[in-house]
Amino acid sequence: MDAVPPLLDHLVLATPDLAATVADFARRTGVTPAPGGVHPGLGTRNHLVGLGGRSYLEILGPDPGQPEPAGPRPFGVDRLTGPRTLTWAISPPDLDAAVTTARARGYGPGPVHPMSRRTPDGTVLRWRLTDGGHAHPSGLVPFLIDWGGSRHPAASDLPVTPLLEVTATVPDPEEVRGQLAALGTGLALAPGPVALSFTVDTPRGPVTFG
């Protein structure tokens, strides 16, 4: 199994306190995440770190500058008691074809929805992604994303901590492996409680986040 999952677009490190988690990342790695932007109406914002190539880390948390959203914040942020790597995304060459293929292989990634966010310089990024509510409850089966004509976040001038590996544990690895295979990707899995972690190379040496 590859140390880095094929087609990886980004990892999601969610937190109930974005400022504190960004500060902790900077303290541990010596690299300060860059402000990404806000998700209008969802009550969240993010900071980003490049992982090398066309992949990045999204640190996502509540946005105190927005009113309370009408529904729960994405990725169960409202239920978190501390930072946690919750899930990840892949970017296949053709999102719609990948969804069709996955369904033919017995796994339904869910419907595709449009989304957007505004960057600090005012640019609006637009993308499409599959509904995470239909993904495996462990978060270990990625959602799919297509950035369309928008500039990919990793193509921006982000600080970079090269990704060394992504690993996970889950009670039934074979169930998850089958769904990953349907999406054309993979993940190093071992039996155990549900957990997703990644290790990055930094000026202070390798650092692992869970």
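A strand here is a DSSP run of E at least two residues long, a helix is a run of H or I of at least four, and both are numbered from the N terminus. I needed that before looking at F209, which is found in strand β12, residues 207-209. I also keep in mind that this is a predicted model.

**Entry: the whole chain**

I began with the secondary structure, and the chain has 3 helices and 12 strands. Next I looked up the radius of gyration. A compact globule of 210 residues would have one near 17 Å, and the chain comes out at 16 Å, so the two agree. Along its principal axes, the C-alpha trace spans about 40 × 35 × 30 Å.

How much of the chain is buried? I found 49% of the 210 residues in that class. The accessible surface is about 9500 Å², and carbon and sulfur atoms own 55% of that surface.

Is F209 buried or exposed? Its relative accessibility is 6%, and buried means under 20%, so F209 counts as buried.

I wanted to know what F209 touches beyond its neighbours within four places in sequence. The list reads F25, R28, T29, T85, L196, S197, F198 and V200. F198 came up again when I checked C-alpha distances: F198 and F209 are 11 residues apart along the chain, yet their C-alpha atoms are separated by 5.5 Å.

I picked β4, residues 55-62, and went through its burial. In β4, 7 of the 8 residues are buried, so the strand is largely enclosed by the rest of the structure.

Which strands pair with β4? On one count, β1 (residues 8-14) runs parallel to β4, joined by 5 bridges. In that pair I noted H10 standing opposite Y56. On another, β3 (residues 44-52) runs antiparallel to β4, with 8 bridges between them. Here G52 stands opposite S55.

I followed the chain from β3 into β4 and found a hairpin with 2 residues between the strands. G53 sits in that turn and has a positive phi of about 65°.

**Entry: strand β8**

What does β8 pair with? I started from β5 (residues 84-90), which pairs with β8 (residues 143-146) in the parallel sense over 2 bridges. I90 is the residue I found opposite L144 of β8. I then checked β7 (residues 124-130), which runs antiparallel to β8 and is joined to it by 2 bridges. In that pairing, R128 stands opposite D146.

**Entry: two residues of helix α3**

I moved on to helix α3, residues 173-182, where V176 is found. V176 has 0% relative accessibility, so it counts as buried. Setting aside neighbours within four places in sequence, I listed its contacts as H136, L140, V141, V170 and L189. I also looked up G186, 10 residues along the chain from V176, and the two C-alpha atoms are 9.2 Å apart.

Q179 is in helix α3 as well. Is Q179 buried or exposed? Its relative accessible area is 16%, and the cut-off for buried is under 20%, so Q179 goes down as buried. Beyond its neighbours within four places in sequence, Q179 is in contact with Y107, H136 and V141. H136 and V141 were already in my notes, as contacts of V176.

**Entry: backbone angles**

Last came the phi angles. Most residues other than glycine have a negative phi. L7 lies in the segment before β1, and at 34% relative accessibility it counts as partly exposed.

Where is F75? I located it in the loop between β4 and β5. With a relative accessible area of 31%, F75 is partly exposed.

Note on methods:
Residues numbered from 1 in each chain as written. Predicted model: local features only at pLDDT ≥ 70, side-chain atom pairs only at ≥ 80, totals over all residues. Heavy atoms only, no water. Rg over C-alpha atoms; globule rule 2.2 N^0.38 Å. Buried < 20%, exposed > 50% of the residue type's maximum accessible area, 1.4 Å probe, protein only. Areas by Shrake-Rupley, 256 points an atom, 1.4 Å probe, with all protein chains shown as cover. Pairing = 2+ DSSP bridges. Contact = heavy atoms within 4.5 Å.
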